[in-house]
Amino acid sequence: MDPVSSGDEARRRRRATVEVKQGLRELGAELTLLNRRVGARLGLKDIDLDCLDLINAHGPLSPTVLARRAGLHAATTTGVLDRLERAGWVARERDPADRRAFQVRALRDRNAELLELFAGMNSSVERICADYEDADLERLADFLRRTADAGRTAAEELTGD
């Protein structure tokens, strides 16, 4: 391979990597806007919806674990949980392993409201995925998992966890 084509390939790769990073930033901004609008429809603050998503995905969770995952102070987490409980999104229950502690679980009967508000995005993603071969989707899923892990690691490094 001659040095000129090698240099061209390196430039193309750098350009493509920059486009991926820009695409991720744009995606993050658009998903933040979508979540903000969903939260507004449900009467939830952005952080409330974020915590509800964490509880739905990883729950039941103790408030301490939720605070750590969401990057929140314990007092802020208490306020979030109070709002979510009052609105009927979560329930606090005694931890079966430690009767002094409690865990928070999502009340699944409200999930239909969330699914309805995210239906447009979910349908769009289904249509987009239909354009890709199975192997491509597996690579994309791997990329997204690894990128999410990188984001989690970067956030933990910033907070010293």
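I began with the lining of the second largest pocket, which by class has five nonpolar, one polar and six charged residues (Ala, Val, Leu, Ile, Met, Phe, Trp, Tyr, Cys and Pro count as nonpolar, Asp, Glu, Lys and Arg as charged, and the others, Gly among them, as polar). The model I am reading is predicted, so local features need pLDDT of at least 70 and side-chain atom pairs count only at pLDDT 80 or more, while totals for chains, interfaces and linings use all residues. Residues are numbered from 1 along each chain as its sequence is written, and side-chain values use heavy atoms, with hydrogens and water left out.

**Pockets**

I noted a volume of about 320 Å³ for the second largest pocket, a volume being the space filled by probe spheres set on grid points joined across faces, edges and corners. A pocket here is an open set of points on a 1 Å grid over the protein atoms alone, where a 1.4 Å probe fits and protein lies on both sides within 12 Å along at least five of seven lines, and lining residues have an atom within 4 Å of a point. Among the residues lining this second pocket I listed Arg 13, Lys 21, Asp 136, Arg 139, Asp 142 and Arg 146. Helices α1 and α6 each supply at least two of its lining residues (helices are DSSP runs of H or I, at least four residues, numbered from the N terminus).

I then turned to the largest pocket, with a volume of about 2,000 Å³ and 44 lining residues, of which Leu 27, Leu 31, Asn 35, Asp 53 and Ala 148 lie nearest its centre. Two or more residues of that lining come from each of α1 (3-42), α2 (46-58), α3 (63-70), α5 (111-130) and α6 (134-159), and α6 gives the most, with 12 residues. I recorded its classes as 27 nonpolar, 10 polar and seven charged.

**Helix α2 and its surroundings**

I looked up how α2 packs with α4 (residues 74-86) and found an angle of about 80°, with the axes 10 Å apart. That makes α2 roughly perpendicular to α4, the class for angles of 65 to 115 degrees. In this contact (heavy atoms within 4.5 Å), α2 residues including Ile 47, Cys 51 and Ile 55 meet α4 residues including Val 80 and Leu 84.

Asp 46 is in α2, 10 residues from Arg 36. In the loop between α2 and α3 I found Pro 60, and the peptide bond from Gly 59 to Pro 60 is cis, with omega near 0°.

How values were computed: Axes are lines fitted to C-alpha atoms, for helices over the stretch in contact, and angles run from 0 to 180 degrees between N-to-C directions. Angles under 35 degrees count as roughly parallel, over 145 as roughly antiparallel, 65 to 115 as roughly perpendicular and the rest as oblique.
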